[in-house]
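This report describes selected local features of one protein chain. The sequence and the coordinates are shown first, and the discussion follows.

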Amino acid sequence: MTEANETKEQLQMPTTYDPKEAESKWYDYWIKNEFFKAGTRPDAETYTIVIPPPNVTGMLHIGHALDFTLQDILIRTKRMQGYDALWLPGSDHAGIATQTKVEQKLREQGQSRYDLGREKFLEKVWEWKELYANTIHEQWAKMGFSLDYSRERFTLDEGLSQAVREVFVSLYEKGLIYRGNYIINWDPAARTALSDIEVEYKEVQGALYHLEYKTTDGTGSIVVATTRPETMLGDTAVAVHPKDERYQHLIGKTLLLPIVNREIPIIADEYVEKEFGSGAVKITPAHDPNDFEVGKRHDLPQVLVMDETGTMNANAGPYLGMDRFECRKQIVADLKEQGVLIKIEEHMHQVGHSERSGAVIEPYLSTQWFVKMQPLADQAIDAQKTGKGVNFVPDRFEKIYLNWIENVRDWCISRQLWWGHRIPAWYCADCGQITVTREDATACSHCQSTNLNQDNDVLDTWFSSALWPFSTLGWPNETEDMKRFYPTNVLVTGYDIIYFWVARMIFTALEFTDQIPFKDVLMHGLVRDSEGRKMSKSLGNGVDPLEVIEKYGADAMRYMISTSSTPGQDLRFRWERVEQARNFANKIWNASRFALMNLEGVNAADIDLTGQLGTADRWILHRLNETVRDVTRLIDSYEFGETGRLLYNFIWDDLCDWYIEFSKLSLYGTDTAAKSKTQSVLAYVLDHTQRLIHPFMPFISEEIWQHLPHVGETITLASWPVENEAFESPDAVREMELLMDVIRSVRNIRSEVNVPMSKKVELLVKPASSETLSILRSNEEYLKRFCNTSLLQIDAEMAAPEKAMTAIITGAELYLPLAGLIDIAQELTRLDKELQSLHGEVERIEKKLGNEGFVAKAPAKVIEEEKAKLADYADKRDKVITRLAELKG
């Protein structure tokens with residue numbers, strides 16, 4: 001891959017691009033040579049991204065492809081800009097999700113985790129992890145991600161486990177982790193607690209059951225309503241508002257709870273809304289979070305009526321052993337028979353479901369471990385509001401983030417699983433105290449007994465994920481990586497995990513490192529199907545990124561998915577857009593191949609952009625300059641969609657459709673000096689174009705760059721293009737725009753009257769100024785070639801011929817005398833249509849400039865631009881009117 005091999009390489013450039021061959025070849029080359037390894041530029045500024053770790057539960061999906069491609073674009077750009085760029089890879093153990101997968105596999109074999117025991121079961125999960133971690137590696141490679149594998153981490157590896165222990169014990173010592181009884185979200189299928197944000201709410205058609213409880217003294221009754229009648233077996237009170245006059249005489253009395261015949265009090269509490277329903281609420285402290293709080297205030301008993309599997313327990317009386325939903329049907333029938341159930345209403349309501357298992361969540365009284373969130377949240381809120389917080393892109397997500405942490409509840413962090421970070425708490429069988437320690441406990445810290453048992457539960461997966469930006473760099477140890485690469489520069493993630501992960505990373509980082517974990521948070525949307533639906537197994541509309549790569553190549557997938565995205569917005573996956581991206585890649589390949597056929601023998605040292613350059617040469621260098629400036633700015637602003645549009649327009653339109661065509665005059669001409677200059681420009685522009693497109697399309701850009709005259713081992717380490725003042729040429733832009741206007745207009749006229757490009761035509765050009773005249777005459781060769789003229793006449797004094805097709809462009813009038821080919825009536829119709837269009841444009845701009853509100857608010861530059869447009873349209877209109885009069889005459 002050295003300059004000495006350039007000529008041979010160029011001659012071997014294949015006719016067509018083969019993505020499979022190139023992708024395998026170049027990724028192996030990059031990895032073998034450790035081009036992605038950070039730390040090789042000790043004096044350079046750092047740029048760090050830690051990958052949002054995918055779960056080791058299966059294959060990466062198209063959402064991962066979007067997320068990781070955006071990160072790769074950033075890291076490749078920064079690496080080329082000279083930064084010591086680290087993109088740290090890793091994966092997440094994903095407690096519930098992974099354990100569920102392995103348990104499903106065991107069930108297929110007629111086993112359960114309990115049959116194996118904890119140690120043997122965990123061996124099975126580790127086997128699963130190794131299998132899917134390797135699969136994830138293969139997918140990363142297929143997609144071309146420039147990860148530093150020497151620093152890869154896993155949330156259960158030794159270093160991260162140490163970090164988890166340190167955080168847990170530190171928070172416990174500060175009183176910010178505690179163990180207590182509380183109503184938690186319980187997943188009866190997975191048999192574990194869930195945090196609030198692991199619960200998905202779905203609208204479900206249910207029923208509202210109205211029950212009448214009678215007082216024990218027979219003096220009255222109270223009607224309450226519930227959507228979960230099976231929980232009435234755990235009622236320990238009925239509450240009314242203390243100022244509700246309807247129930248003043250009943251407060252303090254007792255009611256007889258049907259079925260179980262338990263006596264429960266009527267209490268007064270301001271939690272009750274007088275105006276809602278009957279104004280009376282059944283209180284079930286063990287099965288409702290609000291009732292739990294009311295129960296604490298009134299010292300009510302907490303009666304659990306079901307077990308961890310959602311099966312009714314002994315407190316359910318005659319329903320012992322029934323599934324909760326079977327119990328619901330039976331108890332409704334029994335209450336109806338006893339006259340307690342007085343009304344059933346249809347009721348559409350939101351029901352919580354486990355994000356992982358899909359089971360209906362049961363609010364459940366349980367002893368769990370919690371993080372006291374308010375002190376941590378206060379620190380994060382203060383940082384955000386004093387300008388020391390993270391920068392959200394788009395900024396609207398800051399409000400969403402603040403709203404959540406300002407209203408945060410304590411975080412339930414214990415999970416009744418075996419796969420994960422086991423809670424570092426030991427219970428003493430002798431004194432009953434808890435020992436929490438950084439090392440495995442060998443003796444009770446209270447009585448020194450060795451009769452200890454470790455807590456069986458593990459920590460919520462998000463507990464270890466919350467430490468990811470700094471634990472992966474070696475914290476709690478003061479490693480060189482921690483000192484050099486932390487805090488990181490940007491987190492790229494979907495807006496759907498702002499609560500799960502983003503917020504938790506921020507408050508743990510502030511608590512333990514005194515710094516925000518990343519400067520920017522780039523929020524992207526979800527990848528939906530072409531109809532805008534969320535991708536799901538049930539709809540069968542998911543897209544496997546490897547299938548896309550197999551059909552169209554990795555570069556096409558990367559380009560399509562990254563340039564279809566707008567920060568914070570969902571995007572629709574469309575196969576036709578992947579095909580367009582593949583066609584774009586082919587366009588780049590074909591243009592490069594043509595160029596290389598005309599660069600034989602040219603080495604990097606031969607490239608010389610000084611001296612006299614032609615109009616097209618100066619123009620393409622100016623356009624390259626503009627593209628470099630705008631692409632660099634847009635990538636820094638995370639505007640990948642707009643970046644893609646600019647690159648597409650520059651490469652497809654400016655470079656391929658115009659410059660390469662114009663370059664053929666010099667390349668095929670006899671002027672060796674002009675040819676040499678055009679070769680230099682062509683080689684330089686192609687080289688820099690590959691560098692600009694490289695972060696988006698790494699494989700094809702490397703393949704082409706290696707064929708081009710170049711210096712260096714790989715484009716991945718080539719310097720990023722920068723603006724060059726010497727390339728600024730507004731004059732060349734004006735000249736080229738005039739030439740392109742002429743050529744386009746002639747081609748349009750040919751199309752209108754079906755005159756093929758192969759047929760030569762006469763072209764008469766009447767310039768409106770001496771400057772235009774000079775430009776046209778000095779570029780006659782371009783006009784003759786690309787308008788295919790038999791006669792080209794440029795004359796400011798010429799009279800319009802009678803029978804000719806006409807085009808009015810800025811600065812000139814064009815006439816194509818097409819005797820025998822033109823239909824006068826048809827030309828009159830065409831000019832009439834053009835006149836109406838120009839009338840419309842003139843009226844539109846006059847209306848805009850006549851709008852006082854627009855003139856008052858618009859910048860002066862915008863107003864001047866509109867005035868210039870008006871003058872141009874008016875001038876064109878006048879010329880069309882004149883030409884119409886001539887033809888009619």
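Within strand E16, Cys412 is the bridge partner of Phe370. In this predicted model, strand E14 (residues 362-371) and E16 are joined by two bridges and run in the antiparallel sense. They belong to an open sheet of four strands, ordered E6-E5-E14-E16, with antiparallel pairing. Its edges are formed by strand E6 (192-194) and strand E16 (411-412), each of which pairs on one side only.

Strand E14 also takes part in the packing around helix H9: the buried residues of this helix pack against strand E7 (199-214), strand E13 (341-354) and E14. Helix H9 comprises 15 residues (324-338) and spans 20 Å from its first C-alpha to its last, close to the 21 Å expected at 1.5 Å a residue. Its buried residues are Arg324, Cys327, Ile331, Val332, Asp334 and Leu335. Because an α-helix has 3.6 residues a turn, residues three or four places apart point the same way. At the start of H9, the backbone nitrogen of Phe325 is approached to within 2.9 Å by a side-chain oxygen of Asp323. Just after the helix, Gly339 adopts a positive phi of about 80°.

The model contains 43 aromatic pairs. Two of them are set out below.

| Pair | Centre to centre | Angle between planes | Geometry |
|---|---|---|---|
| Trp126 and Phe154 | 5.6 Å | 70° | edge-to-face |
| Tyr559 and Phe696 | 6.3 Å | 65° | edge-to-face |

Trp126 belongs to helix H6 (residues 118-143) and Phe154 to strand E4 (residues 153-154), so this pair ties together parts that are 28 residues apart in sequence. Trp126 is partly exposed, because its relative accessible area is 35%, whereas Phe154, with a relative accessibility of 5%, counts as buried. The ring of Phe154 has a further neighbour: Lys129 lies over its face, at 4.4 Å from the ring centre.

The pair of Tyr559 and Phe696 counts as edge-to-face because the planes of the two rings meet at 65°, over the 60 degrees required. This pair links distant parts of the chain, 137 residues apart: Tyr559 is in helix H17 (residues 554-563), and Phe696 is in the loop between helix H21 (672-693) and helix H22 (698-707). Tyr559 and Phe696 are both buried.

One aromatic cluster is made up of Phe168, Tyr172, Trp369, Trp411, Phe463 and Phe507. Elsewhere, the charged end of Arg484 is placed over the ring of Phe485, 5.8 Å from the centre of that ring.

Thr615 is located in helix H19 (residues 615-636). Its relative accessible area is 8%, so Thr615 is buried. Apart from neighbours within four places in sequence, Thr615 is in contact with Ala732, Glu735, Met736 and Asn779. Lys888, by comparison, is found in helix H28 (residues 860-888). This lysine has a relative accessible area of 57% and is therefore exposed. Although Lys888 and Ser751 are 137 residues apart along the chain, their C-alpha atoms are separated by 23 Å.

Conventions: Residues are numbered from 1 along each chain as its sequence is written. Side-chain values use heavy atoms; hydrogens and water are left out. Rings of Phe, Tyr and Trp (its six-membered ring) pair if their centres lie within 6.5 Å; planes under 30 degrees apart count as stacked, over 60 as edge-to-face and the rest as tilted. Buried means under 20% relative accessible area, exposed over 50%, partly exposed in between (1.4 Å probe, protein chains only). A charge sits over a ring if NZ of Lys or CZ of Arg is within 6 Å of the ring centre and within 35 degrees of the ring normal. Two strands pair if DSSP finds at least two bridges between them. Contact means heavy atoms within 4.5 Å. The expected span of a helix is 1.5 Å times one less than its number of residues. A polar contact is a pair of N or O atoms within 3.5 Å; within protein, one must be able to donate a hydrogen and the other to accept it, and residues adjacent in sequence count only if both atoms are side-chain atoms.
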